[in-house]
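Me: Could you walk me through the fold of this one? I'd like to start with the sheet and then go to the helices.

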Amino acid sequence: MRIAFLFYDDMTTLDAVGPWEVLARLPGAQAVTASRDGGPIRTDTGLVFDKTAKFADIAAADVMVVPGTGNFAQLGDPAAIDWARRLHATTTWTTSVCTGAMILGAAGILQGKRAATHWAAARALTKHGATYAPERVVIEGKVITAAGVSSGIDMALSLAARLVDEPTARALQLAIEYDPQPPFDSGNAVSADEATRAKALALLAAGAQR
């Protein structure tokens, strides 16, 4: 079972690493990374992946995972959009985390579908013919979209249950000790107050300018 991750500079680290931590542990999984030119990829927080395959070398996969970024300019790369569109035609499951939904949207994959993304990108998502759903994970046919960053782990566990079975997904959740008990009630845009939302946007903007 090949699980292909679309990698690009300035992608959000946990968008990729969270799902990888779950999906790469599935029995029979072969997790691979692909980028436009191959070679090193630097995430938005400075983590460097020293080797990736070229898009041209990954022509098919059972699962595609597309992480997001706060740097929206990176979401318009024609090569990434074209690769996502072509790979989607071969997948059993196509997934995105956070603003990775914009790449799927630009590829025409979300047209007429409900989809999740980061709350700050909700309006932008609708430009691709999708309906924003303020949920952690949204499943529409073979397309699974997740909200911001940490929800990629939720997405991966939901997907693991479908790829293998629920007992395996439950065991994986225990193996990575995924038992969120956040110290603050500000983990989504509804529960957070206006000052917290404004500060979050400022932090995201600062990160995108690194």
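Me: What order do the strands of the open sheet have?
Reply: In this predicted model, the open sheet has 7 strands in the order β5-β2-β1-β6-β7-β11-β10, and the pairing is mixed.

Me: Which strands stand at the edges?
Reply: Those are β5 and β10 (137-140), and each has a single partner strand, so one side of each is left without a neighbour in the sheet.

Me: OK, and how many bridges join β1 to β2, and in which sense do they run?
Reply: Strand β1 (residues 2-6) and strand β2 (residues 30-35) run parallel and are joined by 5 bridges, with A4 having V32 as its bridge partner in β2.

Me: What stands opposite A4 in β6?
Reply: That is M64, and β1 and β6 run parallel, with 3 bridges joining them.

Me: Switching to helices, which residues of α1 are buried?
Reply: The buried ones are T13, D15, A16, G18, P19, V22 and L23, and their cover includes β1, β6 (63-66), β7 (93-97), α5 (151-163) and α6 (166-175).

Me: And which strands does α2 lie across?
Reply: Helix α2 (residues 78-88) lies across β1, β2, β6, β7 and β11 (143-146), and runs at about 160° to β1. Helix α5 also packs on the sheet, where it touches β6, β7, β10 and β11, and its direction makes about 165° with that of β7.

Definitions and conventions. Residues are numbered from 1 along each chain as its sequence is written. This is a predicted model: local features need pLDDT of at least 70, side-chain atom pairs count only at pLDDT 80 or more; totals for chains, interfaces and linings use all residues. Side-chain values use heavy atoms; hydrogens and water are left out. Two strands pair if DSSP finds at least two bridges between them. Helices (H or I, at least four residues) and strands (E, at least two) are DSSP runs, numbered from the N terminus. Buried means under 20% relative accessible area, exposed over 50%, partly exposed in between (1.4 Å probe, protein chains only). Contact means heavy atoms within 4.5 Å. Axes are lines fitted to C-alpha atoms, for helices over the stretch in contact, and angles run from 0 to 180 degrees between N-to-C directions.
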